Amino acid sequence: MDNLVEAKALTKHFGSFEAVRGIDVEVRRGEAFGFLGPNGAGKSSTMRMISCVSGRTGGELKVLGMDPGTEGPKIRARLGVVPQLDNLDTELTVRQNLQIYGRYFGMSRQKCREKAVELLEFAQLSDRGDHEVEPLSGGMKRRLTIARSLVNDPELLLLDEPTTGLDPQARHLLWDRLFRLKQDGVTLIITTHYMDEAEQLCDRLVVMDGGRIAAEGSPSELINRYSTREVLELRFQPGAEKPDLERFAERVEVLPDRLLLYTKDGEATLQRVHEHGVQPVQSLVRRSSLEDVFLRLTGRTLVD
Amino acid sequence: METLRASWFGFEKTWTWYRRNWRATAVSSFLTPVLFLLALGLGFGSQVQSTALIGGVPYLQYLAPALVVVTAVQGATFESTFPVMSQFMWQKSFVAMVATPITPAQVLYSQTMWIGSQLLLRSVVFVGVAAALGAAAGPGILLAIPVATLAGLAFSAPLVAYSATLDKPDAFNNIFRFVLMPMTLFTGAFFPVSQLPDWLVPLVWLTPAWHGIELARGATFGTLDLLPALGHVVYLGALVGVGIALGVKFFHRRLAV
């Protein structure tokens, strides 16, 4: 069995609201798979269906080859879940959080004690083992939540917005831990609205918008398919009328505060724009990113 | 079997928490009976003339078995409101549990087990304190322990189910004021229900506290007939059953989304 997750025409409704409107997804063993999209795109609803907590409204779903509707507990025994909001037991110690969670999977107390030691080290929290959870920093709590999700040695790890709200240093530390897991052969599914996170972590991803999949591929494939190699960003005085620069680039996106010129060679384009007498307040040449892919596909930015 | 095992793990979690925090609750569960028995039994009771209506026994002894039940019902109310809501909304421990093989129904069972164990503990402490203060009329008061636990659960189970439907705690204060308070004062613990206006009595019959008090007092003074006793137990058991059935439904609705 090479696909750990197979979804066909999967839908999820909450009353009359259609959170997921028929998506097809396959997640292969050993890969890091991403759901990229803005808040409300249906990522979390999809994740909750895959984690066998929430039932599907329609379509087909197989996780680890089984039907979540009938074999939820059996599937969940082999999953690790990192929820969007930490739900640690803040009045217990760091170590107790890990041990108790192990018990939920039916592990012996002895095994839970051993596992806790190992996971404390993985989460770089060994010196905090006997502290209460409440005073820990956001990054530490997040690492503990991830460590907790590994207590049952899951084949498939689901991470819902793993680094939302963390500072850059904490994010990099976390990414480093996730890389290690990937190298150990754990299959990862990640939702995020950070394009850099998706680019860093995901082998393959789908871009979601409004409950549907807008595109699918590896980060570089998506960038090649939907964007140019480089992007020239021009910033103008607030309120100033933005010049029409369509003829200098393959495509121009007009954002409230700047223009994005999609082009093969950003520096050359900038020069031509200058020669034309256009004087932006600020200019920046950069590589295309998934943000540009998203903008192209939906006409909106990911994080507003 | 699997369900019992899974529910036990949930129970263990709260037990781990309790081992760290038991001092705070122990003080209240020990102090409550002492204060009540001192103030109402010994203090107020010293001014009360025993009558045939209360069986001619000293007021302190009349009060004690009923207070075991009332205390359990009070404890049940607190355990079934804020802690339940917190585990859905603030601590989110229930949410964390259902990401594991544990099901929403098993989460409910583990919570019910926990509350039951707390009620049992409180009742044991209360009867112990009552015996030490000379408030126990006889060994029959030992039966007040399981009776109070059952009566507490009979109120707890439906309340836990109700708490699982709430998004904010405002309703809890109304339950404390308009349900718990009258149920404490007017269900026969402090004076016989026959002193109440007739129209109120059927309402009293609905409360788990009244059934518990009838059972506990009857067992203590050996005045219990089999048939009424059976009726009380069946009624309390039915409340527990209905409460758990509703709880399973609401826990599932809340957690499996």
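I take helices (H or I, at least four residues) and strands (E, at least two) as DSSP runs, numbered from the N terminus. The model is predicted: local features need pLDDT of at least 70, side-chain atom pairs count only at pLDDT 80 or more, and totals for chains, interfaces and linings use all residues. Residues are numbered from 1 along each chain as its sequence is written, with chains lettered from A and ligands numbered from 1 in the order in which they are written.

**Entry: positive phi in chain A**

I looked up Cys52(A) in the loop between helix 1 (43–50) and strand 4 (58–63) of chain A. Its phi is near 60 degrees, a positive value in a residue other than glycine. Is Cys52(A) buried or exposed? I call a residue buried if 20 or more other C-beta atoms lie within 10 Å of its own, exposed if 12 or fewer, and partly exposed in between, with C-beta atoms placed from the backbone. Cys52(A) has 27 C-beta neighbours inside 10 Å, so it counts as buried.

I then went to Glu161(A). This residue sits in the loop between strand 6 (156–160) and helix 6 (168–183) of chain A. Glu161(A) is not a glycine, yet its phi is positive, about 50 degrees. Glu161(A) counts as buried because it has 21 C-beta neighbours inside 10 Å.

**Entry: a sheet in chain A**

I count two strands as paired if DSSP finds at least two bridges between them. In chain A, 3 strands make an open sheet, ordered 2-1-4, with antiparallel pairing. Strand 2 (17–28) and strand 4 of chain A are at the edges with a single partner strand each, so one side of each has no neighbour in the sheet. I checked the join of strand 1 (residues 3–14) to strand 2 of chain A: they run antiparallel and share 9 bridges. I also noted that His13(A) has Glu18(A), in strand 2 of chain A, as its bridge partner.

**Entry: where chain B meets chain A**

I use contact for two residues whose C-beta atoms, placed from the backbone, lie within 7 Å. By that test, 20 residues of chain A are in contact with 21 residues of chain B. On the chain B side, helix 1 (2–43) and helix 4 (93–97) each supply at least two residues. Helix 1 of chain B gives the largest share, 7 residues.

**Entry: a record for chain B**

I found "domain: ABC transmembrane type-2" listed by UniProt (unreviewed entry) for residues 24–254 of chain B. UniProt positions follow the numbering used here, feature names are shortened, and annotations may be inferred rather than shown by experiment. I read that span as 73% helix and 0% strand, with its end C-alpha atoms 30 Å apart.
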